[in-house]
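User: I would like to learn how to read a few features from a model. Please give the general idea each time, then the case at hand.

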Amino acid sequence: MGTSSCIRGVLLTASFSEKFYANFIKDDRWLSLVSGLKVTIIVTIEALLLGVIIGFIVAIVRSYHDKTGKLKVLNIISKVYLTVIRGTPTMIQILIMYLVVFGSSSMDSMIIGGIAFGINSGAYVAEIIRSGIMSIPAGQTEAGRSLGLSYSQTMWLIIVPQAFKNVLPALVNEMIVLIKETAIIGYIGEQDLTKAAMVIQSRTFDAFMPLLAAALIYLALVMLLTFFMNKLERRLRTSER
Amino acid sequence: MNVNHEEILIEVRDLQKAFGDNLVLSGITTEIKRGEVVVIIGPSGSGKSTFLRSLNLLELPTKGTVLFEGVNITDPKTDIDLHRQKMGMVFQHFNLFPHKMILENITLAPVVLKKMTKEEARQKALELLNRVGLGDKADAYPSQLSGGQKQRIAIIRSLAMDPDVMLFDEPTSALDPEMVGEVLELMKQLAREGMTMVVVTHEMGFAKEVGSRVVFMDEGQIKEQGNPEEFFGNPKDERLKEFLSKIL
């Protein structure tokens with residue numbers, strides 16, 4: 001106790017540049033932040049792709065069922081999926097995926113994490129896309145079908161592009177949540193950005209510097225994403241005056 | 001165009017449609033011949049729109065059959081998409097595709113359904129646009145157009161598919177009064193060229209001028225029908241007399 005508070009005192013009074021040196025430069029510690037960032041980005045992208053695919057399929061199943069009453073079994077599966085995934089903590093889901101589902105396999109935990117986060121995100125994306133599909137007036141479907149287009153052609157060419165535009169802000173929101181949520185992947189032994197910051201902290205006994213650095217990197221990542229998505233949104237809005 | 005007035009294009013037999021317990025169409029039997037312009041009038045809730053929408057199965061009939069060009073399209077085994085290509089439809093609220101430019105609105109279906117190459121469809125679309133005096137709107141988006149312009153685009157979007165019949169569902173009801181004329185004018189042009197048309201409308205002038213048959217619907221049934229002179233000059237059904245006295 002005495003020594004640790006003594007060390008803390010020393011570190012607190014140490015100058016900013018000394019702290020910076022100790023936390024990032026010494027032993028090339030900044031490299032672990034870089035490799036952590038890489039893990040965060042890779043897991044996010046895996047989860048994003050999987051989430052969008054699952055979300056899209058579930059949204060189509062649900063809205064097709066609502067419209068025609070067909071696909072009963074798939075619709076029930078979708079509903080159960082949404083209830084379970086949205087009703088349980090992401091943390092539990094990722095642990096179950098790591099310790100139970102892939103418990104006996106030697107699969108890379110980065111991939112297991114991607115799958116777990118993807119399945120989780122898919123539930124939210126599904127409802128976002130479904131709300132987008134429902135936001136398009138029935139007349140659009142009728143116009144497409146009356147021209148002789150099939151259900152899927154109408155969906156793909158007329159409804160989904162408009163729905164996508166309407167839900168882009170909500171999708172970006174979900175992407176942001178996803179980026180930050182991957183911070184718990186450390187619990188299954190993957191060294192992402194957050195975990196990297198904790199590793200540095202365990203070496204230097206300074207929590208502030210590495211956590212601040214991690215926070216700033218997350219912030220930059222989210223701001224970058226928001227910037228590009230705003231650009232995309234503006235481009236998609238060209239048809240509206 | 002050489003029009004054979006005896007050829008039956010659409011044959012409707014005992015068509016019924018119920019929404020839950022509410023019987024909207026209670027057994028309609030009629031036929032539409034090639035080249036005919038059938039104008040359907042009636043009070044709101046009479047089932048006239050539902051009847052029109054049943055002709056291309058946007059409304060699935062509860063009972064009865066619709067034969068289009070001899071094919072029973074109410075048979076679930078029939079590929080309705082194929083037959084809808086031959087049945088153009090124009091809606092009250094235009095339903096242009098807001099995310100597509102005007103030219104794409106017109107070329108989308110012919111190209112996707114492989115009726116034309118991209119270039120052929122473009123040529124045809126420009127031709128149609130010029131015909132209705134909107135050639136300069138090819139690159140505009142629907143939101144930049146007036147209601148009358150939108151509806152004329154909607155009409156030629158259907159025409160681009162070379163339909164055998166055009167169905168109009170209250171095409172001028174959502175328009176500002178000063179725009180009704182331009183849409184009716186285009187419809188009259190089509191009628192004179194021999195296009196088979198089924199029109200649900202409240203425009204009695206249109207019915208009198210170009211209708212070959214006027215149909216009065218009430219309570220989900222056809223109460224009276226006939227050529228315009230007879231229909232408007234000497235109506236027999238009491239409900240029709242009352243209806244006409246209110247709107248004329």
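User: How many residues apart are Lys246(B) and Glu242(B) in helix 9 of chain B?

Analyst: This is a predicted model. Lys246(B) and Glu242(B) are four residues apart in helix 9 of chain B, about one turn of the helix. Side chains of opposite charge can pair when their charged atoms come close. Here the side chains of Lys246(B) and Glu242(B) meet in a salt bridge, at 3.2 Å from N to O.

User: Which salt bridge does Arg239(B) form?

Analyst: Arg239(B) forms a salt bridge with Glu242(B), and their closest N and O atoms are 3.9 Å apart; the cut-off is 4 Å. Arg239(B) and Glu242(B) are separated by about one helical turn, because they are three residues apart in helix 9 (residues 238-247) of chain B.

User: Where in the chain do the partners Glu193(B) and Arg131(B) lie?

Analyst: The side chains of Glu193(B) and Arg131(B) meet in a salt bridge of 3.1 Å, N to O. This pair links distant parts of the chain, 62 residues apart: Glu193(B) lies in the loop between helix 6 (177-192) and strand 8 (196-200) of chain B, and Arg131(B) in helix 4 (residues 118-131) of chain B. Glu193(B) is partly exposed, with a relative accessible area of 39%. Arg131(B) is also partly exposed, at 35%.

User: Which elements supply the lining of the largest pocket?

Analyst: A pocket can be read by its volume, its lining and the classes of its residues. The largest pocket holds about 760 Å³ of space. Its lining has 25 residues, and those nearest the centre are Thr68(A), Arg145(A), Leu57(B), Leu60(B) and Arg84(B). Helix 3 and helix 7 (138-146) of chain A, with strand 4 (63-68) and helix 2 (80-84) of chain B, each supply at least two residues. Helix 7 of chain A gives the most, four residues. By class, 10 residues of this lining are nonpolar, six polar and nine charged.

User: What is the volume of the second largest pocket, and which residues are closest to its centre?

Analyst: The volume of the second largest pocket is about 620 Å³. It is lined by 28 residues, with Leu48(A), Leu49(A), Val52(A), Met175(A) and Met229(A) closest to the centre. Helix 3, helix 6 (109-134), helix 8 (151-181) and helix 10 (208-236) of chain A each supply at least two lining residues. Helix 8 of chain A gives the most, with 11 residues. This lining divides into 24 nonpolar residues, three polar and one charged.

Note on methods. Residues numbered from 1 in each chain as written. Chains lettered and ligands numbered in written order. Predicted model: local features only at pLDDT ≥ 70, side-chain atom pairs only at ≥ 80, totals over all residues. Heavy atoms only, no water. Buried < 20%, exposed > 50% of the residue type's maximum accessible area, 1.4 Å probe, protein only. 1 Å grid on protein atoms, 1.4 Å probe; cavity = no way out; pocket = protein on both sides within 12 Å on 5 of 7 lines; lining within 4 Å. Points joined across faces, edges and corners; volume = space filled by probe spheres on them. Nonpolar A, V, L, I, M, F, W, Y, C, P; charged D, E, K, R; others polar.
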